Amino acid sequence: MNEFFIEDEAVLRIGEVVEVSGRYITILVDKNKNLSDLFFKGKVLKNVSVNSFIEIKKGFLSLIVKIESEKIIEDKKNDLNNTGGSSANHYLRFLTTSLLGYIDNQGKFAGGTREFPLIGNEAFIVTENIIQSIHAITTKNDLSINFAKTDLENIDISIPVDGLLNSHIAIFGNTGSGKSNTLAALYKNGYEKLNANIQNDFRNKCRFLLFDFNGEYTSNDCITPDKKVYNLATQTNNGDKIPIPKEMLLEHEMLSILSDATDKTQKPFLKRVLNFYSKVNSVDKPIEYFRTILEKSIKETLTSSDKVKTDTIIDFFRLLFDDQDLTSDLEFFYANKVWKIKNSSNFMNKEENVPCTKIFQYAEKFEFSSDLLDDFLKFSYLQLIKEILSNQSEHSHVSPVINRLVSNKNDIKKIFDTSGKEEFWKESNFIVINLNMVNLTMKKTLPLLISKWAYENKKQEDKKSSLSLIIDEAHNILSNTSNRESENWKDYRLETFEEIIKEGRKFGVFVTISSQRPNDISPTIISQAHNYFIHRLINQNDLYAIQKAVSYIDKVSEESIPTLPRGTCIFSGVLSQMPLKLRVTELDNKHKPKSDTLSFNDFID
């Protein structure tokens, strides 16, 4: 046994430690170990090179180092005694390595600098068992998923579900680098594993919400065939509608964002409208209460002698009743400064004459519509009318906020179903919202609306469950450099997502972002991620953003990012004790997202 052990060490030995400088260890390679491959027990082992691992034996302890660079220096001593032979013997080969950790008593790899090697300690090529230990991030009983291999050693990597899917994840990479395949493979395997192992009430315990900006994940079998896809559209009326409760839209901050309301006048006005809406709907007969207020406001308007003021108010009544001929039966009698019914002596300074008017009869027959936003706008007009009559508001300051809501109304009606007849999570616990055919305003607004609503609901739940928010092309909504929106809107949008990613974990809410421009995304959001899959990035600003935010990545891994091949990424984070270079398994055509580059060869007959 001893002889075999000594022979094994003789084959695997590659040199010895000649310098220890903190975490950086220099190894002098034996002159007979400069071949590209070695034979060991019938297997071909790759000899050491940059990015390879080396085992350094210090007594009974095995220290693991990683090669960062190598160099050769002329062996002057050998030159003096040169008697010919190979030119390789004229040079000394030195490897500069960094200390990663050690193999503990149970044969498991532990990261950190528990001990340092001594000069003269022997260095060995690592065997497959040690490589497995270095890359092992799961234990025997862990629930794990397999969708990647190590790039250099081609070893299958098992990643634990706990620690990955219950963490914030960031996937970065230029277009065509394979990040969409990584996202799809991650959640395909994760969803299948959870579904297979959570037997009781899986659909209510684990929920997934994916915002798909380019329609990449909408095919039947992409990620899971059990998903529900909402194909939204603002250009046509043929798109799907998302079922949401009315509370989601009738929320002060949401209305303020949709209408780009100003802080000093318009936001307080929206608050008063919401209070008015709640007050009316809290009584036994809301429609009768609303009609009474309408009738009272009409009487105040028509009995007023201020022609300019009443003209302004009547214009808002026209918008409320959606009728331009409201006052076709009325005229203003300038001599007495009073409204009257045409061709009659019925003057409006007598309140008993007001019910004879067309506008009052509209009020008596008024009905709420079936559309939530239409009703809210009618409340807004009536609130404004009341405030003009009482000299509480200047209409020129307040009316623009209503006009902006009106301009967004059609888009909101095309994508939301607020009837309350359907439930958001009714059909599936994996929902894909396809934003490909949605205009730019709604692309920025919709993910914020739904994410905030889902997060607030999750915070109020007592039962244990998880919610995964998956944002593809996250720079579309998490950018801190966008100039197409007001500062208030941008600040609110970023603050909302920053709160979710900072506080969501304790409520079971986990965020996954995927982007080709990490530099455009808020640094707070990037730095709060727990695990990173970093594909090829070339832009210097993007690389700097990664360097600044990701504390888990070493210099060699960082420098390799611009040259990573398609599908290969650096996996780094709290799950792994060191960065791993992984090659994500490419999904077959049936399951992959629709993100392939067009090939002109396909056009050739």
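In the predicted model, residue D322 is found in the loop that runs between α10 (307-321) and β16 (330-333). Phi of D322 is near 55°, a positive value in a residue other than glycine. Most residues other than glycine have a negative phi. The relative accessibility of D322 is 67%, and because the cut-off for exposed residues is over 50%, D322 counts as exposed.

A positive phi was also computed for I223, with a value of about 70°, although I223 is not a glycine. This residue lies in the loop between β13 (206-212) and β14 (228-233). I223 has a relative accessible area of 2%; since buried means under 20%, I223 is classed as buried.

Packing between helices was examined for α8 and α9. Two packed helices are described by the angle between their axes and the distance between the axes. Helix α8 comprises residues 266-281 and helix α9 residues 286-302. Their axes come within 8 Å of each other and cross at roughly 125°. On the α8 side, the contact is made by F276, K279, V280 and N281. Helix α9 contributes P286, Y289, F290 and I293. By residue class, the contact of α8 with α9 consists of six nonpolar residues, one polar residue and one charged residue.

At the level of the whole protein chain, the model contains 19 helices and 24 strands. The C-alpha atoms fill a box of roughly 130 × 60 × 50 Å, taken along the principal axes. The radius of gyration of the protein chain is 35 Å, whereas a compact globule of 605 residues would have a value near 25 Å. Of the 605 residues, 51% count as buried. The accessible surface of the protein chain comes to about 29400 Å², and carbon and sulfur atoms account for 46% of this area. Contacts were also sorted by separation along the sequence. Among those between residues at least 6 apart in sequence, 69% join residues at least 24 apart.

Terms used
Residues are numbered from 1 along each chain as its sequence is written. This is a predicted model: local features need pLDDT of at least 70, side-chain atom pairs count only at pLDDT 80 or more; totals for chains, interfaces and linings use all residues. Side-chain values use heavy atoms; hydrogens and water are left out. Axes are lines fitted to C-alpha atoms, for helices over the stretch in contact, and angles run from 0 to 180 degrees between N-to-C directions. Helices (H or I, at least four residues) and strands (E, at least two) are DSSP runs, numbered from the N terminus. Contact means heavy atoms within 4.5 Å. Ala, Val, Leu, Ile, Met, Phe, Trp, Tyr, Cys and Pro count as nonpolar, Asp, Glu, Lys and Arg as charged, and the others, Gly among them, as polar. The radius of gyration is taken over C-alpha atoms; the globule rule is 2.2 Å times the number of residues to the power 0.38. Buried means under 20% relative accessible area, exposed over 50%, partly exposed in between (1.4 Å probe, protein chains only). Accessible areas come from the Shrake-Rupley method with a 1.4 Å probe; for residues, only the protein chains shown count as cover.
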